[in-house]
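Biologist: Hi, I'm new to this one. Could you walk me through it?

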Number of protein chains: 2
Amino acid sequence: MSTNPVETWQTKAELPRRMRDESLAQVQPPLTGIPEPLPLNCQGLPKLVLTPRELELTESYSVEQLLAQLHSRKLSSEELTRAFLRRAALAHVVTNCLTELLWDDAIARARYLDSLPEPIGPLHGLPISIKEHQGTLGKNKTSNASYVSYIGKHQGSTLLCDILWNAGCVHFARTTQPQAIMHLETESNIYGRTVNPYNRDLTPGGSSGGESALLGIRGSLFGVGGDIGGSIRVPAAHVGVYGFKPSAQRLPIAGGTGHMFGRECILATNAPITADRDSLELFMKTVVDAQPWRLEPSVRYQPWVPYKFTKPLKVAVQWWDGVVRPHPPVLRALREVADACKKVGMKVVDWDCGSLDHARGWEVLSGLFYPDGAKEVLGLIRDAGEPLLPLTKFITEEQAHVKERTVQEQWKLVTEREAYRTAYARHWSSTADEDGQEVDVILCPPAFGTAPPHGQSRYWGYAAIWNLLDYPGAVFPVTTVDPEKDVKDLSYEPRNAEDQFVHELYNAEQYAGLPVSLQVVGRRHMDEKVLAAVKEIELALGRI
Amino acid sequence: MSTNPVETWQTKAELPRRMRDESLAQVQPPLTGIPEPLPLNCQGLPKLVLTPRELELTESYSVEQLLAQLHSRKLSSEELTRAFLRRAALAHVVTNCLTELLWDDAIARARYLDSLPEPIGPLHGLPISIKEHQGTLGKNKTSNASYVSYIGKHQGSTLLCDILWNAGCVHFARTTQPQAIMHLETESNIYGRTVNPYNRDLTPGGSSGGESALLGIRGSLFGVGGDIGGSIRVPAAHVGVYGFKPSAQRLPIAGGTGHMFGRECILATNAPITADRDSLELFMKTVVDAQPWRLEPSVRYQPWVPYKFTKPLKVAVQWWDGVVRPHPPVLRALREVADACKKVGMKVVDWDCGSLDHARGWEVLSGLFYPDGAKEVLGLIRDAGEPLLPLTKFITEEQAHVKERTVQEQWKLVTEREAYRTAYARHWSSTADEDGQEVDVILCPPAFGTAPPHGQSRYWGYAAIWNLLDYPGAVFPVTTVDPEKDVKDLSYEPRNAEDQFVHELYNAEQYAGLPVSLQVVGRRHMDEKVLAAVKEIELALGRI
């Protein structure tokens with residue numbers, strides 16, 4: 001580096017890319033058998049590249065089953081970790097999802113765990129992946145959060161990583177995030193664009209899209225991302241895995257690399273993304289059981305108490321948010337799940353967003369994302385000379401309600417947020433008026449459709465409204481796009497410009513075979529109840 | 001009013017004062033036998049003015065005992081309410097603690113409750129008092145929060161009042177608060193100065209000082225105030241009653257009249273002040289059991305679960321805060337309680353504030369009180385033309401860290417708050433390192449001394465540090481000042497200007513007989529544990 005007298009953002013970005021490439025070059029044995037050019041859908045590639053045992057270990061077991069084998073020593077952490085290291089490397093080749101593969105460190109950690117007489121915690125021996133800016137204990141002990149400005153500057157691990165580490169995990173892969181960590185896709189000037197393993201022309205979502213691309217091809221089963229406007233739920237949905245945004249301040253966030261520290265008007269949360277449902281609860285329970293509030297007092301004191309339903313659920317279906325009509329596969333998924341819920345005896349009612357004005361909700365939320373008018377974030381980007389990417393521009397400069405506010409103007413917007421939350425809470429409480437049973441959860445889309453083409457994730461409402469409200473939301477896979485069933489409604493007349501944009505984006509053939517996911521949302525702080533409801537709903541769908 | 005063509009702040013202030021006076025003129029039979037001039041200590045006056053039955057009802061029973069009589073119909077709510085109405089009127093004559101006596105409304109409410117076949121809730125028939133700006137259902141359906149600007153403008157009740165109402169209480173008195181609701185005393189241009197019933201030359205504390213003056217002479221047994229820097233704990237301490245500041249966002253605050261709505265960097269809480277210990281828990285349980293989060297989503301979802309200790313407490317004694325040395329009676333109270341705790345087998349250790357830098361804590365907190373440099377509050381006062389009172393000036397204009405900040409500068413200060421909270425939490429957690437038992441609670445002063453002379457409440461540290469940390473704190477009476485025991489330490493050399501000021505304020509004779517109270521503080525959100533600890537400590541003191 002020092003041979004180049006002029007440091008540009010491009011030369012600065014070479015360091016983390018080189019570290020990434022060097023980390024991937026360690027893979028042993030090297031990956032062979034990858035076709036060129038890559039197919040659009042890469043789900044068939046692992047069979048061409050990995051050994052049968054690697055395929056077995058990465059495809060045939062749930063996390064719970066793997067942990068049982070690890071804890072009983074039927075399986076060594078080293079063997080499992082090597083399988084996932086190689087599969088993650090393959091995932092990277094096809095999706096560009098990694099910022100670092102922790103080859104040496106992961107194997108050393110796995111061997112250490114294998115050497116112990118007893119499991120050290122509930123995650124003993126399990127390889128887990130972590131979004132780059134949330135830190136981890138790899139060789140590259142820095143995080144850049146995809147800001148060129150930050151390259152080489154931020155060190156150390158996070159409390160969340162430490163807790164997972166103490167629970168026995170193996171940190172084996174770090175994953176990409178977009179510029180400003182605020183796209184519902186994943187593209188940065190440092191690492192480029194991450195793509196969807198089901199269709200490389202489509203996005204894996206974001207901002208935890210490195211995680212979703214990786215989990216979407218089972219290069220990891222258990223990952224850590226974050227969510228402030230949909231960043232765990234949208235990516236999980238776009239690849240058909242599980243994601244959970246708990247209420248804010250349930251999981252620790254100390255130690256992460258980011259921006260706008262001290263902003264309280266809207267809070268980000270760390271969040272799990274997993275290959276199976278039960279792993280969401282395992283993640284939450286493991287972290288909350290570690291009593292993170294004893295070290296990070298912003299975390300609420302609220303022990304994890306699994307929720308048990310004592311009578312059939314009352315599920316409210318939000319068919320649309322009153323702003324943008326969901327694409328046909330999403331509407332079909334809602335119908336199928338609602339029907340299944342009815343069939344097993346649940347009460348299914350409509351959730352009418354009409355009076356709740358989600359459009360106004362977005363105005364308040366987008367303003368609260370950046371009460372400084374995005375000055376800090378845009379400064380970080382411009383100071384480094386790196387280009388402002390279109391989806392960064394979309395969220396910082398193209399939203400009418402993002403503007404620099406005084407403290408007093410911010411108070412006014414926070415007061416509107418509280419009024420909005422209050423109206424929503426009272427509406428929810430009023431659902432008990434008719435039959436004495438309050439709605440347990442809302443069933444709703446996590447996004448307007450399945451994974452869209454790159455650059456088109458320009459409507460956040462379905463995920464982000466729950467960030468404004470601080471309601472927990474879990475995403476689970478329901479079906480896949482079937483062009484015969486999911487026909488475009490050509491007679492539909494869009495209600496507004498956003499609706500028009502989204503309507504025009506749909507084309508059944510383009511999305512054929514893509515995962516279609518839904519979201520279950522509960523009242524504020526009722527994290528356990530949401531996960532219990534997902535289980536009940538999946539049971540209604542005939543799953544275990 | 002309309003006959004006066006020029007409206008000044010003085011003429012505006014006539015309306016609420018006239019309403020107060022008219023409300024007090026309703027007392028039947030009128031109060032007679034009040035000596036003139038009033039003595040400094042007014043505790044002997046009820047015996048001169050009230051009937052034996054009124055004395056019995058207002059002095060001889062705990063709240064629990066009264067409720068038992070009310071629920072079993074041995075006592076009518078009307079008789080009880082009339083007794084407290086007359087005693088409250090007397091309290092007002094001697095302390096200037098009321099803004100309105102709800103004579104007609106309270107009696108009508110009591111009669112209604114008496115007419116019902118069954119108690120409607122846990123507080124059925126109990127008269128309770130409420131700080132003026134927190135609203136109530138009286139005839140004067142406005143609150144002014146002691147701002148001349150607000151006179152006649154703010155209507156309606158609060159969610160907290162509604163919950164207490166639905167639990168069966170009788171709202172019977174509204175009480176004073178200071179200008180800007182931000183003195184640790186109680187003086188406003190509208191209502192004048194509220195004084196201490198133990199010594200009219202001394203303050204009853206504030207900002208809930210109307211409540212404490214009233215409860216301090218048993219003109220009420222159960223009141224509602226608030227706390228953002230000591231406003232329930234300091235007044236409770238200064239008259240020897242019980243006060244509890246729960247963690248923020250445990251009790252609802254919607255509907256109150258105030259200022260700086262939307263400020264989140266430091267949060268006020270509503271708070272109970274009661275004549276006995278068990279009433280604190282009754283208040284908390286009653287309100288939390290009403291599930292306030294269903295209507296006000298800023299309230300945390302956290303059911304009230306009474307705490308049970310399973311082994312002897314580990315109590316850390318904070319002898320001083322490293323800034324200002326407490327007065328001798330407070331130090332004696334700490335010694336006496338610590339000794340009693342040891343005697344019953346509790347672990348008693350020191351809480352050393354040295355490394356925790358409470359002085360820096362105050363800088364951060366005072367800055368966060370007014371991130372707009374107190375513009376809004378000072379504007380409200382100046383726009384009305386009313387004088388800025390000395391203690392308002394003290395907290396808004398004389399604090400070096402109160403300044404107008406940009407949103408980004410506020411973030412920086414919030415980040416410092418979090419760093420401070422984190423250091424404190426980790427220090428607390430580290431107390432488990434020695435013997436495996438973490439400190440359960442801190443025993444500490446609620447103020448540097450007992451009630452000081454008017455205008456001298458210029459050091460907030462002992463109460464306010466727990467607002468910065470958002471730790472729950474309960475105040476309970478311990479002893480009274482004994483000039484023979486509580487001798488001034490003439491050899492003490494103050495460490496700084498504040499310490500000097502406080503040291504010079506002490507004079508044993510001036511405070512003779514005044515209540516001396518202490519504070520029990522727990523970790524964030526551990527409200528139930530703090531109340532359980534107060535009980536254990538009182539048991540150690542030989543109380544029931």
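Modeller: Happy to! Helix α17 (residues 461–469) of chain A lies across β8, β9 (242–245), β13 (441–444) and β15 (515–521) of chain A, where contact means heavy atoms within 4.5 Å. Helices (H or I, at least four residues) and strands (E, at least two) are DSSP runs, numbered from the N terminus. This is a predicted model, in which local features need pLDDT of at least 70 and side-chain atom pairs count only at pLDDT 80 or more, while totals for chains, interfaces and linings use all residues. Residues are numbered from 1 along each chain as its sequence is written, chains are lettered from A and ligands numbered from 1 in the order in which they are written, and side-chain values use heavy atoms, with hydrogens and water left out.

Biologist: At what angle does α17(A) run to β15(A)?

Modeller: About 20 degrees. Axes are lines fitted to C-alpha atoms, for helices over the stretch in contact, and angles run from 0 to 180 degrees between N-to-C directions.

Biologist: And what's the strand order of the open sheet in chain A?

Modeller: The order is β1-β5-β2-β8-β10-β9-β14-β15-β13-β11-β12, 11 strands with mixed pairing; two strands pair if DSSP finds at least two bridges between them. β1 (98–101) and β12 (347–350) of chain A stand at the edges with a single partner strand each, so one side of each has no neighbour in the sheet.

Biologist: How do β2 and β8 of chain A run, parallel or antiparallel?

Modeller: Parallel, with two bridges joining β2 (residues 127–131) to β8 (residues 222–227) in chain A. In β8(A), A:Gly223 is the bridge partner of A:Ser129.

Biologist: Switching topic: how much area do chain B and chain A bury between them?

Modeller: About 3,500 Å², 54% of it on carbon and sulfur atoms. Buried area is the accessible area (1.4 Å probe) that two parts lose on being put together, summed over both. In chain B, B:Arg294, B:Pro297 and B:Trp411 lose the most area to chain A, together 21% of what that side buries. The contact takes 40 residues from each of chain B and chain A.

Biologist: Which element gives the most to the lining of the second largest pocket?

Modeller: That's α15(A), with seven residues. A pocket is an open set of points on a 1 Å grid over the protein atoms alone, where a 1.4 Å probe fits, with protein on both sides within 12 Å along at least five of seven lines; lining residues have an atom within 4 Å of a point.
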